[in-house]
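Subject: Structure for you to look at, with notes

Dear colleague,

Here is the structure I promised to pass on, and my notes follow below it. Please have it open beside you while you read.

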Amino acid sequence: MGTDVTSQQFTGADRVRFRQRVSRGTEAIARMLADGLFTDHGRPPEPLLGMEVELNLIDDAMNPAMANAAVLDAIADPDYQTELGQFNIEINVSPRPFFADDTISLEQALRTSLNRAEQRAARTANHLVMVGMLPTLRTEHFAHQWISANPRYDLLNQQIFAARGEDLELDITGIPLGEGATSERLHTSTDSILAEAACTSLQLHLRVAPEDFAAHWNAAQAIAGIQVALAGNSPFLAGHALWHESRIPVFEQATDTRPLELKNQGVRPRVWFGERWINTIFDLFEENTRYFPALLPVSSDVDPLEQLDNGEIPTLDELKLHNGTVYRWNRPVYDVVDGHAHLRVENRVLPAGPTVVDILANAAFYYGVVRGLVEADRPLWSQMSFNAAAENLQSGARSGLESQIYWPNVGWVRPDELTLRRLLPIADDGLRSFGVSGKARSRYLSVIEGRCINRQTGSVWQRAAVAAREAAGESRENALRGMLRDYVVAMHEGEPVHTWDI
C-alpha cells in the first residue's frame with residue numbers, strides 16, 4: 001500500500017528539502033554497504049517468502065463494487081488493507097520460512113484467510129475476485145470520486161497531474177480475440193490515476209544479503225517476460241480485448257507524469273523496467289535520486305548520516321517514500337525491523353489469481369528460477385543484453401504463450417517451450433537449494449508444467465470463454481459478465497487454471 005501521508009500542500013522549499021534528505025539517505029545506503037551494517041552482510045539470510053495479493057470487489061451482478069471501506073470493516077482483519085480504488089483491497093501475507101513443506105502450509109493458510117474474508121464480505125453483498133484486471137471495469141469507473149479515502153491516494157493523484165499538466169491517456173492496441181478477428185484499440189483519456197487501480201497484482205518479496213542483491217535483481221529482470229507470459233491473467237479492460245497481460249501497458253500509462261514533449265526528450269517514466277544490469281543495490285537508489293523528482297515530498301527532521309555517526313541504524317523515511325513512487329517492475333526495498341536493516345527484491349510483474357494454487361505456483365517458479373540462475377556458473381545476464389530482457393517483458397505481456405522470447409544459447413523461442421526444456425529443471429534445483437521439499441516442488445512446478453502442456457493461462461481461458469460466448473450470440477458486455485461469473489465459480493473450486501473447461 002505504501003507509506004501513509006496526510007493531505008497537504010507542497011512548496012518549492014519542501015521539494016528542495018526532500019531532495020536533500022533523499023540524497024543523504026542514498027549516501028547513508030552507500031556507507032552502510034561499505035561498513036557492513038546490514039543484518040545479512042556476509043551470510044545468506046534465512047529464506048523467507050513474503051507476498052501481497054491485490055483483490056477486486058464485485059457485486060452480485062459482477063459489476064465493480066465501490067465498497068472497500070464497508071468490506072474491510074466486515075472482514076475486520078489487519079492483514080487486509082485499502083488500495084487505490086474503492087473496488088480494491090489487498091492482503092499482506094507475513095513473511096514465513098521458505099523450506100520443507102512450509103509453502104504448502106502457506107497455501108492452506110492463504111486459502112483459509114481468503115475464504116473467511118469472502119464469507120464476511122458477502123454479508124455486505126460484495127465479493128472478492130483474484131484476477132489481474134477486472135473484466136467488467138469500464139472507463140466511468142476511473143472517475144476521481146472512486147479513489148479510496150486514504151489521503152495518500154488523492155495526494156498522489158494531485159501530484160501526478162501537477163507534474164504532467166494534462167489528462168492521462170490510455171492508448172493500447174490489443175491482440176485479435178480469435179482467428180479472423182481484428183485488433184481492438186482502447187484509446188481514452190482520464191483525469192485521475194484510477195486506471196492504475198485496474199492493475200491488481202501478486203507482489204513477491206525475497207530478502208537477500210546486500211552483496212547478493214545485484215545478482216538476484218538481475219535474475220528477476222531476466223525472467224520477467226517469461227513470468228508474465230506463463231501467468232497472464234489480464235486480457236480485458238473497458239470492454240476491449242487487449243494484451244494477455246494488459247496490466248503492463250495500463251500501469252505504465254496510468255501513472256505517466258510525462259507529457260508528450262518530455263517523452264520525446266527521453267525523460268524516464270515512473271513505471272520503469274530500467275536500462276542496465278546492476279552491480280549493487282546502490283545503483284538503483286542512486287538512479288532514483290538522480291532521475292526522478294519527488295511526488296510526495298514529505299520530510300522529517302532526522303538526518304540519516306548523523307544517525308550513522310551516532311551508531312544508530314536510520315529508517316531512511318524519505319528514501320523509502322521516494323522509492324515507493326518509482327514503480328520498478330523489480331523494486332529494491334530497504335527496511336528496518338527491530339533496529340536491524342535488511343534488503344529485499346520486490347517482484348511486481350505478476351497478476352493476481354486465478355486460484356490460490358496458481359499464485360503459489362507462480363511464486364515457486366519465480367523463487368526457484370531466480371535462485372537457480374544466481375547459483376549458475378556463468379550469470380545469465382552476462383550472456384544477453386538488457387534491452388533483450390526489456391523486449392521480452394513487452395512481448396510476453398502482449399502475446400502470452402504465443403510470444404517469442406530471446407534466451408541465450410537458444411535464440412528466439414516460445415515461453416512454454418523454453419520453460420519445459422530449460423526453466424523447470426532450473427526452478428526445481430533452485431527450490432531444492434532453498435530447502436523446499438520434493439512434495440512441495442512437485443505440487444507447484446507441475447502446475448507450471450500443466451500450463452505449458454495444455455497451453456492455457458488465465459488469460460487464454462478468459463479470451464476463449466468470451467470468444468465462445470460471442471460466437472453463441474452474446475454481446476461483449478454479457479459475454480464478459482458470464483465469463484466472470486464462471487471464473488469466480490472456478491476460482492472458489494480451487495483447481496489450477498490449466499485444468500478449467502471453457
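To begin with the charged pairs, the structure holds 36 salt bridges, a salt bridge being a side-chain nitrogen of Lys or Arg within 4 Å of a carboxyl oxygen of Asp or Glu. Please bear in mind that this is a predicted model, in which local features need pLDDT of at least 70 and side-chain atom pairs count only at pLDDT 80 or more, whereas totals for chains, interfaces and linings use all residues. Residues are numbered from 1 along each chain as its sequence is written, and side-chain values use heavy atoms, with hydrogens and water left out.

One of these bridges joins Glu346 to Arg331, with the closest N and O atoms 3.5 Å apart. It links distant parts of the chain, since Glu346 lies in strand β13 (residues 340–351) and Arg331 in strand β12 (residues 330–337), 15 residues apart; helices (H or I, at least four residues) and strands (E, at least two) are DSSP runs, numbered from the N terminus. Both Glu346 and Arg331 are buried, where buried means under 20% relative accessible area, exposed over 50% and partly exposed in between, with a 1.4 Å probe and protein chains only.

Arg469 takes part in two bridges that may interest you: its side chain meets that of Glu474 at 2.9 Å, N to O, and Asp486 also forms a salt bridge with Arg469, the closest N and O atoms being 2.9 Å apart. Arg469 counts as partly exposed at 22% relative accessibility, as does Glu474 at 30% and Asp486 at 38%. Elsewhere, a network of salt bridges links Glu402, Arg414, Asp416, Glu417 and Arg455.

Leaving aside neighbours within four places in sequence, Tyr367 is in contact (heavy atoms within 4.5 Å) with Leu49, Gly50, Phe98, Leu204, His205, Leu206, Leu431 and Phe434.

How do α12 and α14 pack? Helix α12 (residues 356–374) and helix α14 (residues 415–434) pack at an angle of about 85°, with their axes 6 Å apart, and they are therefore roughly perpendicular to each other, a label given to angles of 65 to 115 degrees. The axes are lines fitted to C-alpha atoms, for helices over the stretch in contact, and angles run from 0 to 180 degrees between N-to-C directions. Among the residues that meet are Phe365, Tyr367 and Arg371 in α12, and Leu423, Leu431 and Phe434 in α14.

Finally, some backbone details are worth a look. The peptide bond from Gly353 to Pro354 is cis, with omega near 0°, and Pro354 sits in the loop between β13 and α12. Ala125, although not a glycine, has a positive phi of about 70°; it is found in the loop between α3 (102–122) and β4 (127–129). Asn409, in the loop between β14 (405–407) and β15 (411–413), has a positive phi near 65° and counts as exposed at 68% relative accessibility.

Key. Parallel < 35°, antiparallel > 145°, perpendicular 65-115°, else oblique.
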